[in-house]
Amino acid sequence: MKTYATVVLAAGKGTRMRSAIPKVLHPLAGLPMLGHVLNAVEAIPLTSAFTPLAATFTAHRPIVVVGCEAAQVQAAFGERCYYALQAEQLGTGHAVLAARETVEALTPPPETVLVCYGDTPLISAEMLARVLVQHVESQATVTFLTAITEQPSDFGRVIRDSSGAVVEIIEVKRATEEQKRIKEVNSGVYCFERRWLWETLPRLARNPFSGEYYLTDLVAIVRSQGRTVATVTGALEETVGVNDRVQLAAAEQILRRRILERHMYAGVTIVDPAATYIDAEVSIGPDTVILPGTMITGRTQIGSGCRIGPGTTIESSIIGNRCIIRNSALEEAILEDDVRIGPFSHCRPGAHLARGVRMGNFGEVKNSYIGAETDMHHFSYIGDATVGAHVNIGAGTVTSNYNGITRQKYRTVIEDGAFIGCDTIIVPPVTIGEGAMTGANAVVNRDVPPHALVVGVPARLLRMLDPAAAAEQASSEAEGGKKE
């Protein structure tokens, strides 16, 4: 089995970003810029374009060439990559040469070295695979990606002879006015024959204008040796680099458009794409509808048949099927199937709402489990609690979980079928037993036995309830609350 290795150049200082954060770690659609490139690199074997090589080639772990901010990049990606250090930034040719020792340590040694840039977050796995396959099938020494554009800007121009064969890539600073009018440009993705690459890179001459070693100069060397140079033409959009925050915002727009289109093609309705923001790692099931003003971030998972929004923010949460979330915020929360929330409610980290929970407007849940088919009415706060199934939590209920004297948080337990009256304040640690009831405005600061009715400040036992009658009364009052 033959192998290939990918070298990702990420050692640039990114001075135009005006930031203490390394350029390749600036986020786009919830991932660092370099993360998008690595995703594309790792997905090459999964693409349809790679099919001709699937039986004969496998990939090594990517090698990232890092520079002066190496520690931050390595901390962000850990063992996902190998790393090579370019201590002094002397151009792209020098950067690839810095990866030589790391590439040569791979077992088995790769036949081919694929090179791309860490600041091109729009590159696709399909495009990288096309370059790799063309390189192998044409038995080329060098293969590179080109693009046709009406506005070539500062991209290197691809010079061809009368037969159409590539002669060289010429940088803008060295180009004549006629050459600057060439519309075919270098897109900065290369494949090299490994042995030839390491033999040739040390012989590169410094560029007279910058004093750096340019990878593009290898093309003219290949041509002068009579070896094969191959090209693949793709969309310039995929390989545009990000060098400042204006370009970062432009790349973000393109990336978000792609993400929205991917979800819509997969069966998700997005009513207003211009007013919807979805991160790259979000998954959404078919027949879910996303309404305007919604932002879904992190590794959020949303099931099928849901209705999300308008004006909803969801961060790193798991949401089941057929859920409805209106004008609300969720952070690191779990919602099982058929949950309804909102409008204007908040699930904070650790909130877990079981199947069929109904949470009214201006409710808040933090670090709590709410059992199946429980109704949590408006203006209620449940924090650090375990709530059973079929519980009624009346409007204005508060768990006073924080003790300001000892600075500790205590837990509330409300067992199945309990009925918590409006404006009840629960001062934990407290357990409210199965089928128990609290009167309106009660302050519960001690355990309540199952099937007991407590009232007052502080709450005291008024009477014991017949379990069957209590269940009937709770059901009747819950239905009344829903109608209200």
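Colleague: In which loop does His-378 lie?

Modeller: His-378 lies in the loop between β31 (375-376) and β32 (381-383). Strands here are DSSP runs of E, at least two residues, and helices are runs of H or I, at least four, numbered from the N terminus. Keep in mind that this is a predicted model: local features need pLDDT of at least 70, side-chain atom pairs count only at pLDDT 80 or more, and totals for chains, interfaces and linings use all residues. Residues are numbered from 1 along each chain as its sequence is written, and side-chain values use heavy atoms, with hydrogens and water left out.

Colleague: Why is His-378 called partly exposed?

Modeller: Buried means under 20% relative accessible area, exposed means over 50%, and partly exposed is in between (1.4 Å probe, protein chains only). His-378 has 31%, so it is partly exposed.

Colleague: Which annotation covers His-378?

Modeller: The UniProt annotation "active site", from an unreviewed entry, covers His-378. Such annotations may be inferred rather than shown by experiment; positions are given in the numbering used here, and feature names are shortened.

Colleague: What does His-378 touch?

Modeller: Leaving out residues up to four places away in sequence, His-378 touches Gly-360, Asn-361, Ala-395 and Gly-396. Contact means heavy atoms within 4.5 Å.

Colleague: How many disulfides does the rule give?

Modeller: The count is 0. A disulfide is a pair of cysteine sulfur atoms within 2.5 Å.

Colleague: What makes a set of residues a nonpolar core?

Modeller: The members are buried Ala, Val, Leu, Ile, Met, Phe, Trp, Tyr and Cys residues, joined through side-chain atoms within 4.5 Å. The largest core here has 59 residues. Ile-319, Leu-335, Ile-341, Leu-353 and Ile-432 touch the most other members.

Colleague: Which element gives the largest share of this core?

Modeller: That is α9, with 6 residues. The core draws at least three residues from each of domain 1 (2-245) and domain 2 (266-454). Those bounds come from an automatic or database domain assignment.

Colleague: How far apart do the C-alpha centres of domain 1 and domain 2 lie?

Modeller: They lie 48 Å apart.
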